[in-house]
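Here is a short briefing on one protein model. Take a look at the sequence and the 3D view first, then read the points below.

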Amino acid sequence: MAAPGDLVKTCFIEPMQGSFKKTPGTNPEAYFSSLSVKLSGFSDDVLKAAASSLIERATSSTWPYVGTITAACKSAQERLSAKDSGQSNPVRAGYPWPEDVAVRVLINQDAKLATSAALAGWHADLIDFVRREKRVPSMEEVEPFVVATLQRDARIEKQMEEALDVLRGEYNSKLEKLPANHRVQIMASSIANRRNRLAVMIAEEIEAREEVADDQL
């Protein structure tokens, strides 16, 4: 029987090396050491399935963050377990929770996580996870939300700059911002408005719980 480290190497790292070349950060040895530890509890089938999924979704040759890989393995594990039992994925079955339900569950189980996410701006991805998976994520699963938010914000900012340059060129003007009815601005405003709305929901839920706690003193 292969040792956990050997299993991770042969079933995950080696298949991934064909698509990924550079590791995040400046210490490849520490990266792969951490990766081996985090993935040591997964079976060979799960590791292979997760590697295949990550390779298919790859957008660069940089290795994913360890948290992203761990989340991919957990997702693969759920899919394989559901397949073996002949049932649809029990986690994803049914409709997503409403936003207010997800916020209440999140605050009830980890108010600090919700507050930190709202302050940093990645709370929308966090709440969407809770809605979809019907649970609060582990800390290892949080990292992809932060990365996704940063990448989305950078992409939108670039699109807005490019659209603004086009308008300036077409109308020979010195526009400082996109018109409110421009499609890129509408998209950006929609994302910002939803983030603001969800941040208010988080704040109000926390405040309501604090008021109840004060009344019980």
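This is a predicted model: local features need pLDDT of at least 70, side-chain atom pairs count only at pLDDT 80 or more; totals for chains, interfaces and linings use all residues.

Helices here are DSSP runs of H or I with at least four residues, and they are numbered from the N terminus.

**Overall build**

- The protein chain has eight helices and zero strands.
- Along the sequence, the pattern reads α-α-α-α-α-α-α-α.
- The protein chain has 217 residues, and 33% of them count as buried.
- Take the contacts in the protein chain with a separation of 6 or more: 71% of them come from residues 24 or more positions apart.

**H5 against H6**

- Helix H5 covers residues 99-120, and it packs against H6 at an angle of about 140 degrees. Their axes are 10 Å apart.
- Angles over 145 degrees would count as roughly antiparallel. H5 is therefore oblique to H6.
- The crossing of H5 and H6 is right-handed.
- On the H5 side, the contact uses Glu99, Ala102, Val103, Val105, Leu106, Leu113, Ala114, Ala117 and Ala118. On the H6 side, it uses His123, Leu126, Ile127, Val130 and Arg131.
- Sorted by class, this contact of H5 with H6 has eleven nonpolar, one polar and two charged residues.

**H6 against H7**

- Helix H6 spans residues 123-133, and helix H7 spans residues 139-171.
- H6 and H7 pack at an angle of about 130 degrees, and their axes are 8 Å apart. That angle makes H6 oblique to H7.
- H6 and H7 also cross in a right-handed way.
- H6 brings Asp125, Leu126 and Phe129 to the contact. H7 brings Glu141, Phe145, Ala148, Thr149 and Arg152.
- By class, the contact of H6 with H7 has four nonpolar, one polar and three charged residues.

- Most residues other than glycine have a negative phi.
- Lys134 has a positive phi of about 60 degrees, although it is not a glycine.

**Aromatic pairs**

- A pair of aromatic rings is described by the distance of the centres and the angle of the planes.
- How many aromatic pairs does a search of the whole structure find? The search finds five.
- One of these is Tyr31 with Phe32, an edge-to-face pair. The centres are 5.1 Å apart, with 85 degrees between the planes.
- Tyr31 has 8% relative accessibility, so Tyr31 counts as buried. Phe32 has a relative accessible area of 22%, so Phe32 is partly exposed.
- Phe129 and Phe145 form a tilted pair, with 5.4 Å centre to centre and 55 degrees between the planes.
- Phe129 lies in helix H6 and Phe145 in helix H7, so this pair ties together parts that are 16 residues apart in sequence.
- Both Phe129 and Phe145 are buried.
- Ring pairs also link Phe20, Tyr31, Phe32 and Trp63 into a cluster.

**Glu14 in H1**

- Glu14 sits in helix H1, which covers residues 4-16.
- Glu14 has a relative accessible area of 40%, so Glu14 is partly exposed.
- Glu14 and Ala51 are 37 residues apart along the chain. Their C-alpha atoms are separated by 9.5 Å.

Technical notes:
Residues are numbered from 1 along each chain as its sequence is written. Side-chain values use heavy atoms; hydrogens and water are left out. Axes are lines fitted to C-alpha atoms, for helices over the stretch in contact, and angles run from 0 to 180 degrees between N-to-C directions. Helices (H or I, at least four residues) and strands (E, at least two) are DSSP runs, numbered from the N terminus. Angles under 35 degrees count as roughly parallel, over 145 as roughly antiparallel, 65 to 115 as roughly perpendicular and the rest as oblique. A crossing is left-handed if the near helix is turned anticlockwise from the far one by less than a right angle, and right-handed if clockwise. Contact means heavy atoms within 4.5 Å. Ala, Val, Leu, Ile, Met, Phe, Trp, Tyr, Cys and Pro count as nonpolar, Asp, Glu, Lys and Arg as charged, and the others, Gly among them, as polar. Buried means under 20% relative accessible area, exposed over 50%, partly exposed in between (1.4 Å probe, protein chains only). Rings of Phe, Tyr and Trp (its six-membered ring) pair if their centres lie within 6.5 Å; planes under 30 degrees apart count as stacked, over 60 as edge-to-face and the rest as tilted.
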